Amino acid sequence: MQPILDNHLHLDPVNGQGAAAVDDFVNAGGTHLLVLNKPSWHLVGEVDGEAGFRETFDLTVEVTERASEKLPGCAWPVLGVHPGLISQLLDRGYDPEAARDLMQTGLDVAGEYVADGTALAIKSGRPHYDVDDAVWEASNEVLRHAFAVGAEQDCAVQLHTEGGDAFPDIAEWAADAGLPAERVVKHYSEGPIEGATASVIARKDELEAAAESGEPFLMETDFIDDPDRPGAVLGPKTVPRRVTWLREAGYDAAMDQAHVETPKEIYGIDTAATLD
């Protein structure tokens, strides 16, 4: 058995399948997972302070532990604040600065979970949709704060941002905070990128482009575990199936890199050693 890691997947213990969704991943050959908390408003409703973030994170940690019991390898939680929270807060009467402050508090709480070994990494980002200048600036301040937390806790930071293949501002801000740019992981990448490590959505064209590039990358489904959208974004079986397809196409070295070498470099995890 060779390690197969889905770098970005959600398990919803409140509204979705929760850990039961892992069965499909394992049956397809998957071994390791990084489980991202769903947006707080989906799991616990309105968040007005630390307690709401902690409830969101605790639910994610618990479902990740149940998922890990099902795997031949391990599952690790990645905790943080979805960038879309700023819009949720604005709709509830917050101004951009107050929303920024609350989101930064959520990142500080996520950092505590990393510090005590409960979580592997944190997540942050900025809106992937149009916002006004004040909201954009506040969101970028949240993003820069995430890099400071990542540097302080010596952990990777996964990002949910707008699309693109080059992020020089993000690389600069990470470096300014003392976080190596390669430890910034761009979730939902569509191929190789500059300024961060690509976590490539597991569609064939995008994966082939990443494998051909020779650059470090990871693979993900962004499965959202929503009963109203079964299989969205991609189902749990997808990464294992794509690994088989890529190995059959001759990309063994790229698969070793994506599922063993890059996870070790970015997160400090040993997917080979943690197989049963």
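Over the ring of which residue does the charged end of Arg-144 sit? In this predicted model, in which local features need pLDDT of at least 70, side-chain atom pairs count only at pLDDT 80 or more, and totals for chains, interfaces and linings use all residues, that residue is Trp-173, with the charged end of Arg-144 placed 4.7 Å from the ring centre (a charge sits over a ring if NZ of Lys or CZ of Arg is within 6 Å of the ring centre and within 35 degrees of the ring normal). Residues are numbered from 1 along each chain as its sequence is written, and side-chain values use heavy atoms, with hydrogens and water left out.

Trp-173 is also among the residues touched by Phe-147, together with Val-157, Leu-159, Ile-170, Ala-174, Ala-177, Leu-179 and Val-184, when residues up to four places away in sequence are not counted (contact means heavy atoms within 4.5 Å). Phe-147 and Val-184, along with Ile-122, Phe-217 and Met-219, have the most contacts inside the largest nonpolar core, which has 55 residues (a core being a set of buried Ala, Val, Leu, Ile, Met, Phe, Trp, Tyr and Cys residues joined through side-chain atoms within 4.5 Å). Helix α5 gives the most to this core, with 8 residues.

The structure holds 2 aromatic pairs (rings of Phe, Tyr and Trp, the last by its six-membered ring, pair if their centres lie within 6.5 Å, and planes over 60 degrees apart count as edge-to-face). One of them joins Phe-57 and Tyr-113 in an edge-to-face arrangement, 5.5 Å centre to centre and with 80 degrees between the planes. This pair links distant parts of the chain, as Phe-57 belongs to helix α3 (residues 50–70) and Tyr-113 to helix α5 (residues 96–115), 56 residues apart (helices are DSSP runs of H or I with at least four residues, and strands are runs of E with at least two). Phe-57 counts as buried because its relative accessibility is 0%, and Tyr-113 counts as buried because its value is 8% (buried means under 20% relative accessible area with a 1.4 Å probe, protein chains only).

Terms used
Rings of Phe, Tyr and Trp (its six-membered ring) pair if their centres lie within 6.5 Å; planes under 30 degrees apart count as stacked, over 60 as edge-to-face and the rest as tilted. Buried means under 20% relative accessible area, exposed over 50%, partly exposed in between (1.4 Å probe, protein chains only).
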